[in-house]
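Hi there,

Here is the structure I promised to pass on to you. Have a look at it, and then read my notes below.

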Amino acid sequence: PASLEWRLIEPISRLLKRHPKIRFDVNGSTFERTVQLLRAGAVDVALGFDAAYSEWADIRREPIKAVRSVNFVRRGHPLLERKNITATDLAEYDFVSPSDGRPYGVVIRKIFEDTNVEWQKRVHLVDYFPLVRQIVAQSDAVGVVTDLFAQTSAFQRNFVALDGLNLLPPSTMCCAVRKRWEPKPIVRAFIRAVRETQDHELEG
């Protein structure tokens with residue numbers, strides 16, 4: 001998904017150092033589109049959330065360590081004036097979600113359904129984070145961001161992570177490949193590079 005393309009920076013850098021003749025064709029797309037491309041053989045490997053690929057019997061998932069996501073708002077948002085923010089408080093505002101599927105969609109839909117609000121009228125579906133950031137910056141909408149990015153100074157200049165809510169469970173990621181074909185050596189090398197990068201992030 002486009003919202004996770006930044007996670008490719010370090011793995012691709014590692015691969016280029018080890019295999020300088022490799023060429024990449026990186027496609028950030030919706031989960032639904034990526035599944036179809038993967039199953040048809042149009043892409044060799046997909047990086048995404050494990051839960052999104054778990055229903056497909058013809059896809060093998062190579063698990064990667066979980067990613068934690070948090071909700072966030074712009075600095076000066078009315079929610080920040082409240083002492084203890086609850087899920088009911090969040091239901092007063094629009095959301096920007098990367099997807100209406102797993103892992104985010106289920107949680108966000110429940111926030112609105114628990115307060116008898118039609119979630120379809122309150123949720124923007126945007127997977128391109130620069131646009132998510134712009135919507136949240138110029139409105140009272142609530143967004144979703146990984147906790148790693150939420151810790152950066154670039155993020156904290158304009159936004160505040162709602163850390164105390166813990167509404168979004170840690171989500172295991174995976175590299176998904178087709179079961180019926182043995183992954184190419186460079187695909188296996190890519191998966192190793194992704195795992196090495198995540199190990200380095202966790203140590204750091």
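Strand S2 and strand S8 (residues 171-178) pair in the antiparallel sense over eight bridges; two strands count as paired if DSSP finds at least two bridges between them. Within this pairing, Arg178 in S8 is the bridge partner of Ile59. Helices (H or I, at least four residues) and strands (E, at least two) are DSSP runs, numbered from the N terminus. As a reminder, strands of a sheet pair through backbone hydrogen bonds, either parallel or antiparallel.

A word on the source: this is a predicted model, where local features need pLDDT of at least 70, side-chain atom pairs count only at pLDDT 80 or more, and totals for chains, interfaces and linings use all residues. Residues are numbered from 1 along each chain as its sequence is written, and side-chain values use heavy atoms, with hydrogens and water left out.

Back to the sheet: S2 and S8 belong to an open sheet of three strands, ordered S1-S8-S2, with antiparallel pairing. Its edge strands, S1 (46-49) and S2 (59-67), each pair on one side only. Helix H2 (residues 31-40) packs on this sheet and touches S1, S2 and S8, where contact means heavy atoms within 4.5 Å. The direction of H2 makes about 35 degrees with that of S8 (axes are lines fitted to C-alpha atoms, for helices over the stretch in contact, and angles run from 0 to 180 degrees between N-to-C directions).

Now the other sheet. Three strands form an open sheet in the order S6-S3-S7, and the pairing is antiparallel. S6 and S7 are the edge strands, each pairing on one side only. S3 and S7 pair over three bridges, and Arg74 has Phe159 in S7 as its bridge partner. Helix H6 packs on the sheet, touching S3, S6 and S7.

Which residues of helix H6 (residues 129-137) are buried? They are Phe129, Val132 and Val136, where buried means under 20% relative accessible area, with a 1.4 Å probe and protein chains only. Seen down the axis of H6, these residues fall within an arc of 50 degrees, so they line one face of the helix; the arc is that of the directions from the helix axis to the C-beta atoms. Their cover includes strand S4 (95-97) and helix H7 (147-150).

Finally, the cysteines: a search of the whole structure finds zero disulfides, a disulfide being a pair of cysteine sulfur atoms within 2.5 Å. For Cys174, the nearest cysteine sulfur is that of Cys175, 6.9 Å away. Cys174 is buried, with a relative accessible area of 0%, and Cys175 is buried with a value of 0%.

Enjoy exploring!

Terms used:
Buried means under 20% relative accessible area, exposed over 50%, partly exposed in between (1.4 Å probe, protein chains only).
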